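Thanks for coming, everyone. Please take a look at the structure on the screen, and then we'll walk through it.

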Amino acid sequence: MISGLCGAGRVAKVRAMSMLRDVFITGTGAVLPGERIGNDRMEDFIGRIGGRASAVGRRALRWNGIEGRHYALTPDGQPLHSNASMCAGAVRAALDEAGLSLGDLQHLGAAATQGDYLVPGHASAVQAELGAGPLEAFSYQSVCASALMAAKGAWLSVRVGEADVAAACAGEFSSRWFRPAFYEGTALVDEKGRARIEADFLRFTLSDGAGAVVMEPRPKPDGLSLKVEWIDMTSLAGRFDPCMWAGSTPQARADMTSAWSHAGPAAAHAAGAVALLQDFELLKIVIRAWIGVWLEKVDAGRIVPDEVDHLLCHYSARSLRQEIVGLLESTAAMIPEEKWFTTLADSGNVGSASIWVMLDAFLKSGRGKRGDRVLCIVPESGRAMIGFMMLEIV
């Protein structure tokens, strides 16, 4: 009897797999708020800690290679948007590109490093900004790879037939973290008014914006669509302390009982446990772990480099790209740099939104043609995660 049930289970599983649907990205959208800000005007918007220019800003810009970015605030710190409103704008743009209306949307996955509120979830805020009726809404909170978390949820929902139209969006309002009030009067600033490098570097690396994709079980009738072949996520959090974080001091960040919520907001702020921070020495180690996952996928045949026509790899800085290339060049996993596409220099590092901003720009560039395969890779330094998405242009 037991073996019979097992056999029936296998048959049911095979039938279920045969009923899985193909999924296509039929629309993309991006929102880059305000005007494009050059390097010479950055501190007019994010402010000057202690009223003085940053001691590490120019070094950070040489390191990251960013020439322009967008901020969702005015020079006096007034918001032009919310994170949720930028995400809603990106979803609307993606729906328009797909030839769909808001009423068609059944599944919404919204990602962010930090939404506008601590509670409730980011997806609820995006849905409210959209003015959307009842639908499934899922919030994904992490750093850059949260975009692919939301994408995987949307992809699976369409793939198993629970939704015919699903959107995944991601948005960042990083500039609000970088205003002087987050640093002044805290342990992150020394007696000379200089901010710690773990904090100040990020002020010149991250910027604002949102992006979105819409998925359906069929390609759109006119124009190009992207067939989603697979999405893989790998977290290595069990191996590393936080590499990019907010909510704890550098010394105590691996101790969850030391988080800001246990100390209270005033004490946490004074300790420098509220600002966004990065451990650059740990980042060098985490990069090698990301590459290890990439190599494993090549060894397993999941990624065949010669079959990839375009690579959209998110990285926070030009120097990190050089590090990645240096590690890959002597391996069979290297994808020639002429196949790489990026928007980093032009529109900056938009965190979780970067991959969708990049994909939207790639499709509008005209570089892709039917039959091309596009590999998207999103490494995340938060606590050592990396995501992969394979697409085919149809």
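A384 lies in the loop between β12 (373–380) and β13 (385–393). Helices and strands here are DSSP runs, numbered from the N terminus: H or I of at least four residues for helices, E of at least two for strands. A384 is not a glycine, yet its phi is positive, about 65°. Most residues other than glycine have a negative phi, and most peptide bonds are trans. Is A384 buried or exposed? A384 counts as buried, because its relative accessibility is 1%. Buried means under 20% relative accessible area, exposed means over 50%, and partly exposed is in between, with a 1.4 Å probe and protein chains only.

A word on the source. This is a predicted model, where local features need pLDDT of at least 70, side-chain atom pairs count only at pLDDT 80 or more, and totals for chains, interfaces and linings use all residues. Residues are numbered from 1 along each chain as its sequence is written, and side-chain values use heavy atoms, with hydrogens and water left out.

Next, another loop. V119 sits between β4 (107–112) and α5 (122–130). P120 is in the loop between β4 and α5 too. Which bond joins V119 and P120? A cis peptide bond, with omega about 5°. V119 counts as exposed, because its relative accessibility is 70%. V119 also belongs to a nonpolar surface patch with L118 and W260, and together they have about 350 Å² of accessible area. Patch residues have over 30% relative accessible area and no salt bridge; like charges are joined within 9 Å, nonpolar side chains (Val, Leu, Ile, Met, Phe, Trp, Tyr) within 5 Å. A salt bridge is a side-chain nitrogen of Lys or Arg within 4 Å of a carboxyl oxygen of Asp or Glu. Areas come from the Shrake-Rupley method with a 1.4 Å probe; for residues, only the protein chains shown count as cover.

Now cysteines. How many disulfides does the structure hold? The count is 0, a disulfide being a pair of cysteine sulfur atoms within 2.5 Å. For C144, the nearest cysteine sulfur is that of C313, 11 Å away. For C243, the nearest is that of C144, 11 Å away. C144 is buried, at 9% relative accessibility. C243 is buried as well, at 1%.

Finally, the whole chain. The secondary structure comes to 13 helices and 13 strands. Buried residues make up 54% of the 394 residues. The C-alpha atoms fill a box of roughly 70 × 50 × 50 Å along the principal axes. The accessible surface is about 16600 Å², and 53% of that belongs to carbon and sulfur atoms.
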